[in-house]
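User: I'd like to learn how to read helix features in a model. Could you walk me through them?

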Amino acid sequence: MTRWFKHAANAIGGGLFLALFVVFIVQIAARFGFNKPLPWTDEAAVILYIWVILWAAALVVPEREHVVFDLLWNSVGVRARQTMRILGHLLIGGLALVALPANWDYVKFMAREGSPVLDIPLMWVYLPFILLLAALVMRSAWAIWQTFRGHGLDKELHI
């Protein structure tokens, strides 16, 4: 099940990136090839960029590939690493959990506003941010569970 979910998330992320690339090519062709800039391409590119970045951060990029400060990590023992990992994930997951309700209210509120050119409800533009917050909560809870089981505390980070 998790393998299928990973493949689906990667496929959707790839599709979003492909759509962004196609819109970008259309934008360049219209602006420089035909001297007729298309207003919708600017807006579509921005919306797709938001979706690509937040989708990838939430579901595609594994934890080990996010930015880490391994200089301190590698200089301490297993018990200190366990404490650092638990505290770090409590902080990140806790803040995301606390931020989730207010952000969801704001995203729902933005359903009444539309984007200037495409008139897409802004709720759909910013919805992947809610997905990112939820993914942070779940990833943090999973990492804390794994840390208590002794996983992920290697001396070297495997990147």
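Analyst: Let's start with His89, which sits in helix α4; helices here are DSSP runs of H or I with at least four residues, and they are numbered from the N terminus. A word on the source: this is a predicted model, in which local features need pLDDT of at least 70 and side-chain atom pairs count only at pLDDT 80 or more, while totals for chains, interfaces and linings use all residues. Residues are numbered from 1 along each chain as its sequence is written, and side-chain values use heavy atoms, with hydrogens and water left out.

User: Is His89 buried or exposed?

Analyst: Buried means under 20% relative accessible area, exposed over 50%, and partly exposed in between, with a 1.4 Å probe and protein chains only. His89 has 13% relative accessibility, so it counts as buried.

User: Which residues does His89 touch?

Analyst: A contact means heavy atoms within 4.5 Å. Not counting residues up to four places away in sequence, His89 touches Glu63, Gly94, Ser140, Ala143 and Ile144.

User: What about Gln82?

Analyst: Gln82 is also found in α4, which covers residues 78–109. Its relative accessibility is 14%, so Gln82 counts as buried. Leaving aside neighbours within four places in sequence, Gln82 is in contact with Thr147, Phe148 and Leu153.

User: How do I read the packing of α4 and α5?

Analyst: Axes are lines fitted to C-alpha atoms, for helices over the stretch in contact, and angles run from 0 to 180 degrees between N-to-C directions. Angles under 35 degrees count as roughly parallel, over 145 as roughly antiparallel, 65 to 115 as roughly perpendicular, and the rest as oblique. α4 and α5 pack at about 155°, with their axes 8 Å apart, and are therefore roughly antiparallel to each other. By class, their contact has 21 nonpolar, 7 polar and 1 charged residues; Ala, Val, Leu, Ile, Met, Phe, Trp, Tyr, Cys and Pro count as nonpolar, Asp, Glu, Lys and Arg as charged, and the others, Gly among them, as polar.

User: And what is the angle between α2 and α5?

Analyst: α2 and α5 (residues 122–148) pack at about 10°, with axes 8 Å apart. That makes α2 roughly parallel to α5. The residues of this contact divide into 18 nonpolar, no polar and 1 charged.

User: Which residues of α1 are buried?

Analyst: They are Ala9, Gly13, Leu16, Leu20, Val23, Gln27 and Ala30. What covers them includes α2 (39–60). Just after α1, Asn35 takes a positive phi of about 55°.

How values were computed: Helices (H or I, at least four residues) and strands (E, at least two) are DSSP runs, numbered from the N terminus.
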